[in-house]
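Biologist: Could you put the model up, so that we can go through it together?

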Amino acid sequence: MSALSSRLPAFPWDKLEPYKATAAAHPDGIVDLSVGTPVDPVPPVVREALAAAADSPGYPTVWGTPGLRDAISGWCERRLGAREVAHTHVLPVVGSKELVAWLPTQLGLGAGDRVAYPRLAYPTYEVGARLCGAEPVVYDDPTELDPEGLRLLWLNSPSNPTGQVIGADELARIVAWAREHGVLIASDECYFELGWEAEPVSVLHPDVCGGTYEGLIAVHSLSKRSNLAGYRAAFIAGDAAVLGELLQIRKHGGMMTAAPVQAAVVAALGDDAHVTEQRERYLARRAALRTALEAHGFRIEHSEASLYLWATRDEPCWDTVAHLAELGILVAPGDFYGVAGERFVRVALTATDERVAAAVKRLGEQ
């Protein structure tokens, strides 16, 4: 085993391949609800902006065009309720997963430093810590962590995989604790636009941060809200001092968002209509799948936001995966996201209406 691979956890999705083969053998084909990848069209306003900027022969800048920075700042103020978001408070990134994986390295973390993330969490938080040689630490309540050596604290609201939302008062309590101990917070808010039974709150909201972005980074993506996963379009906002250092590092690394994508992001952030339309699609799929799963004997926990239903039949998650695979339905086992998920599965809403209807029909026939 190479030195690099020994630092990283096993890639979990490889374990799902046999179940995917079983589901694919269903006479009516597979219904893949395992991965949260968009399947709906890219909004026309975004495609038009991308095409209009296609003749971009020169290098783009890492910081993005002034128009892009205006769009990000304006969206943060309008949608997150943040105040006085200057260009120094924003930075485009090449998709949020890249940022999550490499943020600890770009912050200069390494051996002797600790990176904390929720006990049930997106696996890339752990990967990012391991890539730089820092110690990954899980938590239930971050304010109960030992702050010694803790350099970076990941929050994730709405949560992947559970869909749980952290309220404003709780966020404010965590922010106060982190500031007291000099811990940088990175708040992954990539599902912010997809609140169903709870309204997500950003760490940049004044009720949470007290009107200052010191020690805070909010991570946002256009993959889910605008179906732009293929564009690798995301940004961070927050502490100007931290973002300024990241900007210099990313300049040296050539981490540039493609110029046509920058233009597409401006269009996407300036148009709320397509977000409303996409939310309606997901809401209808969510209602259909939730009803069918509950009738099939599942219990849904949390799931008040995001693109997933966090479901259990009170059995080992791989038994549930196998059961659904026999119906031609593929879901993600909960232990992909931590040991605490070993009796749950994550069911994504990212399938076409036709495939969701097929899943609902199969669940109802058993």
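Biologist: Is Glu84 buried or exposed?

Modeller: Glu84 is exposed, with a relative accessible area of 69%, where exposed means over 50%, buried means under 20% and partly exposed is in between, with a 1.4 Å probe and protein chains only. Before we go on, this is a predicted model, in which local features need pLDDT of at least 70 and side-chain atom pairs count only at pLDDT 80 or more, while totals for chains, interfaces and linings use all residues. Residues are numbered from 1 along each chain as its sequence is written, and side-chain values use heavy atoms, leaving out hydrogens and water.

Biologist: And where is Glu84 found?

Modeller: Glu84 sits in the loop between α4 (66-79) and β2; helices (H or I, at least four residues) and strands (E, at least two) are DSSP runs, numbered from the N terminus. Its phi is near 50 degrees, a positive value in a residue other than glycine.

Biologist: What about Ser303, what is its phi near?

Modeller: For Ser303 phi is near 65 degrees, again positive in a residue other than glycine, but Ser303 is buried, with a relative accessible area of 0%. It belongs to the loop between β9 (299-301) and β10 (308-312).

Biologist: Which residues is Thr162 in contact with, leaving aside its neighbours within four places in sequence?

Modeller: With those neighbours set aside, Thr162 is in contact (heavy atoms within 4.5 Å) with Leu120, Glu301, His302, Ser303 and Trp310. Thr162 is itself buried, with a relative accessible area of 4%, and its place is in the loop between β5 (150-156) and α7 (168-180).

Biologist: Where is Pro158, then?

Modeller: Pro158 is also in the loop between β5 and α7, and the peptide bond that joins Ser157 and Pro158 is cis, with omega about -5 degrees.

Biologist: Changing topic, in what order do the strands form the open sheet?

Modeller: The order is β2-β8-β7-β6-β5-β3-β4, seven strands with mixed pairing, where two strands pair if DSSP finds at least two bridges between them. The edge strands, each pairing on one side only, are β2 (90-93) and β4 (135-139).

Biologist: How many bridges join β2 to β8?

Modeller: Four bridges join β2 to strand β8 (residues 234-238), and the two run antiparallel, with Val93 standing opposite Ala234 in β8.
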